[in-house]
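Please look over the sequence and structure before reading on.

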Amino acid sequence: MSDTDVAARLAALPPLRAVIAEAGLSARKGLGQNFLLDLNLTGKIARAAAPLDQGTVIEIGPGPGGLTRALLAEGAAHLVAIEKDRRCVDALQPLIAAADGRLTLVEADALAVDFEALGPPPRRIVANLPYNVATPLLIGWLKRAELFETLVLMFQKEVAERITADPGDAAYGRLGVLTGWRAEARLLFTLPPRAFTPPPKVESAVVEVRPRVPAPEDCRIEDLERVTAAAFGQRRKMLRRSLKSLTPDAEALLAHAGVAPTKRAEELSIAEFATLARLSNSAPEERTT
Ligand code: SAM
């Protein structure tokens, strides 16, 4: 079937509100269901993730299929959507038929999916994320960041600000260090609660995360997680105190890393965190700066 035929079949699908009504898709809070029904917005997100015609485009939580339709309309040639809610899986069957082989739906929990197996690179993740699992999903993707070309993701605005924060920003913390170490992240645009059905309590924002190639080799992300958890777990305290939960000899670790023991977590650059992470993983006698 030609692209024009597919486009005509997509355009002939019932409106999203009719899909929701027909399938009885009452939004479930436990699944973070806040649907996007505005075609201008779904188109804007899909275009932010372009180009979509190569490799594999992966959508988390297609719901009634608004963003899914936009991704297909913007040229996604191999789109894999992962949805946990059986009601949505049923409601998406007409869209799968209209997409004529371009859309594969996987009924699964995205937290348990092997993303490498979904299709060949370049892989792009695009999603209006379920907010209750958005942060663990992002951290999981950062751990396998080499698999992905870009990630264009909707978060609560407050989380988006933490992901894109720089040292010294009020929102700078563990999430900003982990993301900034492994990728470049920028906030693309914000959306008010009324853009969604039903509206969430907070504002939302779309973030682009672009993994660094080659991957940084100065530390392991697991060590960076431990160091940032300790440092930001007590962010008001000086590092010589807060890092005691990591190592009894926090002062020696800081000295080896060339970091003043009186500094606080929010003052440290990502490179300094990476050095601490690398050194924290070696026995004191093996440490070299
Ligand atoms: N993409 C749709 C849209 O923009 O209108 C729906 C977005 S809604 C914020 C989140 C979607 O993720 C819902 O369809 C929900 O059922 C699904 N979901 C929630 N938890 C999930 C999980 N762990 N794995 C896969 N899908 C999940």
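How many nonpolar, polar and charged residues does the shell around the ligand have? In this predicted model, the shell has 9 nonpolar, 6 polar and 5 charged residues.

**The shell around the ligand**

- The ligand is surrounded by 20 residues, and the closest are Q33, L36, G61, E83 and N128.
- The largest pocket is the space that the ligand takes.
- Two elements, β1 (35-36) and β3 (79-83), each give two or more residues to this shell.

- The side chain of N128 has a polar atom 2.9 Å from an oxygen atom of the ligand.
- A nitrogen atom of the ligand lies 2.9 Å from a backbone N or O atom of A110.
- At G63, a polar backbone atom is 3.3 Å from an oxygen atom of the ligand.
- The ligand taken alone would expose 600 Å², and the protein buries 99% of that area.

**Aromatic pairs**

- The count of aromatic pairs, with ring centres within 6.5 Å, comes to 4.
- One of them joins F115 and W141, with ring centres 5.8 Å apart. The planes of F115 and W141 stand at 90°, so this pair is edge-to-face, as angles over 60 degrees count as edge-to-face.
- This pair links distant parts of the chain, since F115 and W141 are 26 residues apart. F115 is in the loop between β4 (103-107) and β5 (123-128), whereas W141 is in helix α7 (residues 134-143).

Conventions:
Residues are numbered from 1 along each chain as its sequence is written. This is a predicted model: local features need pLDDT of at least 70, side-chain atom pairs count only at pLDDT 80 or more; totals for chains, interfaces and linings use all residues. Side-chain values use heavy atoms; hydrogens and water are left out. A residue is near a molecule or strand if one of its heavy atoms lies within 4 Å of it. A polar contact is a pair of N or O atoms within 3.5 Å; within protein, one must be able to donate a hydrogen and the other to accept it, and residues adjacent in sequence count only if both atoms are side-chain atoms. Accessible areas come from the Shrake-Rupley method with a 1.4 Å probe; for residues, only the protein chains shown count as cover. On a 1 Å grid over the protein atoms alone, a cavity is a set of points where a 1.4 Å probe fits but cannot get out, and a pocket is an open set with protein on both sides within 12 Å along at least five of seven lines; lining residues have an atom within 4 Å of a point. A molecule sits in a cavity or pocket if more than half of its atoms lie within 2 Å of its grid points. Helices (H or I, at least four residues) and strands (E, at least two) are DSSP runs, numbered from the N terminus. Ala, Val, Leu, Ile, Met, Phe, Trp, Tyr, Cys and Pro count as nonpolar, Asp, Glu, Lys and Arg as charged, and the others, Gly among them, as polar. Rings of Phe, Tyr and Trp (its six-membered ring) pair if their centres lie within 6.5 Å; planes under 30 degrees apart count as stacked, over 60 as edge-to-face and the rest as tilted.
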